[in-house]
Amino acid sequence: MKTHISVVIPAHNEEKYIKRCIDSVHEADNVFPGNTEIIVVCNRCTDNTETIARENGAVVLINEDRCIAKVRNTGIAAAKGKIIVTIDADNRMTKGTLREIYALLRSGRYIGGGAPIRFERYSIPLWCNDMMLRALASITGLYSGIFWAKKESFDAIGGFVDKKAMEDVATAKQLKKYGKKYGKKYTSLRRNHLINSTRKFDDMGDWLYFKLMFKNAGTLLKAALGDKSGMDKLLDEMFYEYNDTH
């Protein structure tokens, strides 16, 4: 059976969230006329993520790298589909996501794209985060969240850029540049969006990122000037060690 879309889900200790993510992909596949495979890349998992993923119909791969880009690229390398869609394990896609992605790529006008991000719940600080994300996406045109393109395009740019964080935005820049060679645009979904998990806000408060920006202002300034040693430690704490303790 021909596989049209491969959905790659990187996962590090995501037993609480992986099923609902996979369920959202199944729901999107139900209204998509083609065939979809789900690939969960278990990264240093010590919980039941792998078992739950297999029980819910996903292909499971193992990756031990401490780099989200390499985890994503492991899934892309094994994918059978001509189209790659990536989504984080604690997030969900809306029902028409796969159908819209397929239609946009089939049109021949787009090299790939991202998706608007909407939180699964809202409060005043989360609305502030939402507005900030919308403004950045509008200014840069580099939508991320759910990330999608043809596999041949990922191969052409060398996969996800090897960075500890914001690898999707860096990859979007590469993909946008690559698309210009062929007169194709980098775009965003219009009818569907990413349902973004609020897990970190639930655990540490809705003002979390504003507090982090204030607390780590010196680290952020140094990183902007080229000294990223402190930033690496901050990224480890927020992205690579968080799931070990929550």
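**Terms and the values behind them**

Modeller: In H1 the buried residues are Ile 18, Cys 21, Ile 22, Ser 24, Val 25 and Ala 28. This is a predicted model in which local features need pLDDT of at least 70 and side-chain atom pairs count only at pLDDT 80 or more, while totals for chains, interfaces and linings use all residues. Residues are numbered from 1 along each chain as its sequence is written, and side-chain values use heavy atoms, with hydrogens and water left out.

Colleague: What makes those residues of H1 buried?

Modeller: Buried means under 20% relative accessible area, against over 50% for exposed and partly exposed in between, with a 1.4 Å probe and protein chains only; the six names given for H1 fall in the buried class. Because they cover an arc of only 155 degrees around the axis, they lie on the same side of H1, the arc being that of the directions from the helix axis to the C-beta atoms. They pack against S1, S2, H2, strand S5 (92-93) and H4, where contact means heavy atoms within 4.5 Å.

Colleague: Why are S3 and S9 called edge strands?

Modeller: Two strands pair if DSSP finds at least two bridges between them, and the open sheet has the order S3-S2-S1-S4-S8-S6-S9, with mixed pairing. Strand S3 (59-63) and strand S9 (185-188) each have a single partner strand, so one side of each is left without a neighbour in the sheet.

Colleague: What makes S6 and S8 a pair?

Modeller: Strand S6 (residues 110-114) and strand S8 (residues 147-150) are joined by 2 bridges and run antiparallel, which meets the requirement of at least two bridges. Gly 112 stands opposite Ala 149 in S8.

Colleague: Which residues have the most contacts inside the largest nonpolar core?

Modeller: Ile 9, Val 40 and Val 85 do, in a core of 33 residues, a nonpolar core being a set of buried Ala, Val, Leu, Ile, Met, Phe, Trp, Tyr and Cys residues joined through side-chain atoms within 4.5 Å. The largest share of this core, 5 residues, comes from H1.

Key
Helices (H or I, at least four residues) and strands (E, at least two) are DSSP runs, numbered from the N terminus.
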